[in-house]
Amino acid sequence: MSYKEMFHPDLVELHLQVDNEEEAFEVIGTRLKELGYVNEGYLEGIKRREQAFPTGLITQYLNIGLPHSDPEFVEKPFIYVVRLVAEVTCRQMGDSREMNVKNLFFLGIKNGKEQVGLLQSFMNLFMDEKFVSTYTSLDKKEEIYQLFVNHI
């Protein structure tokens, strides 16, 4: 499966109002379960994994979070693009230091071997000033979907 196929127009949320990262996990986890992308263990799985292996990334142009769970909780591969109304605190990948983030990309990886490549693709995208500028200027789900499908 190509990364492009993991994006879906209905998996873009541009104005999610939450008070913290855990609430974002709960809202998105519930939606993903209702849509059949994840199974019953997903929410606990993503919380556990994020606690052990944080996924916040500070890039030159935009801080992002790439939360994901173990493949056993994923029914269908997906990438859920979420832009929060206000920043929440999460922890950085690698050193676990706190950081603020407003843009989350929930990764539903079915094949664990694809994880590193997908994370690298996101890092490359968000190190591209033009891509980030375009991403942050868009405010329609379909436009965001097309941007990722055209660039990943």
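Which residue takes a positive phi in the hairpin of E4 and E5? Point 2 gives the residue.

1. Basis. This is a predicted model, in which local features need pLDDT of at least 70 and side-chain atom pairs count only at pLDDT 80 or more, while totals for chains, interfaces and linings use all residues. Residues are numbered from 1 along each chain as its sequence is written, and side-chain values use heavy atoms, with hydrogens and water left out.

2. The hairpin. Gly94 takes the positive phi, near 95°, in the hairpin of E4 and E5, which has 6 residues between the strands. Helices (H or I, at least four residues) and strands (E, at least two) are DSSP runs, numbered from the N terminus. Strands E4 and E5 run antiparallel and are joined by 10 bridges; two strands pair if DSSP finds at least two bridges between them. Cys90 has Met99 in E5 as its bridge partner.

3. Strand E5. Buried means under 20% relative accessible area, exposed over 50%, and partly exposed in between (1.4 Å probe, protein chains only). E5 also runs parallel to strand E3 (residues 63-65), with 2 bridges between them. There, Ile64 is partnered with Asn103 of E5.

4. Glu13. This residue is found in strand E1 (residues 7-16). With a relative accessible area of 15%, Glu13 is buried. Its side chain and that of Arg31 are joined by a polar contact of 2.8 Å. A polar contact is a pair of N or O atoms within 3.5 Å; within protein, one must be able to donate a hydrogen and the other to accept it, and residues adjacent in sequence count only if both atoms are side-chain atoms. Not counting residues up to four places away in sequence, Glu13 touches Arg31, Tyr80, Val81, Val82 and Arg83; contact means heavy atoms within 4.5 Å.

5. Glu75. The loop between E3 and E4 holds Glu75, which counts as partly exposed at 42% relative accessibility. The side chains of Glu75 and Asn39 make a polar contact of 3.0 Å. Leaving aside neighbours within four places in sequence, Glu75 is also in contact with residues including Gly36, Tyr37 and Lys110. Lys33 is 42 residues from Glu75 in sequence, with 9.2 Å between the two C-alpha atoms.

6. Helix H2. The buried residues here are Tyr42, Gly45, Ile46, Lys47, Arg49 and Glu50. They pack against H1, strand E2 (56-58), E4, E5 and helix H3 (115-126). Arg49 counts as buried at 17% relative accessibility. Beyond four places in sequence, Arg49 touches Pro54, His68, Ser69, Asp70 and Gln115.

7. The largest pocket. Its volume is about 210 Å³. On a 1 Å grid over the protein atoms alone, a pocket is an open set of points where a 1.4 Å probe fits, with protein on both sides within 12 Å along at least five of seven lines; lining residues have an atom within 4 Å of a point. Helix H1 (21-34), helix H2 (42-52) and strand E4 (78-91) each supply at least two lining residues. Among the lining residues are Glu21, Phe25, Lys47, Glu50, Cys90 and Arg91. By class, the lining has 3 nonpolar, 2 polar and 5 charged residues.

How values were computed
Points joined across faces, edges and corners; volume = space filled by probe spheres on them. Nonpolar A, V, L, I, M, F, W, Y, C, P; charged D, E, K, R; others polar.
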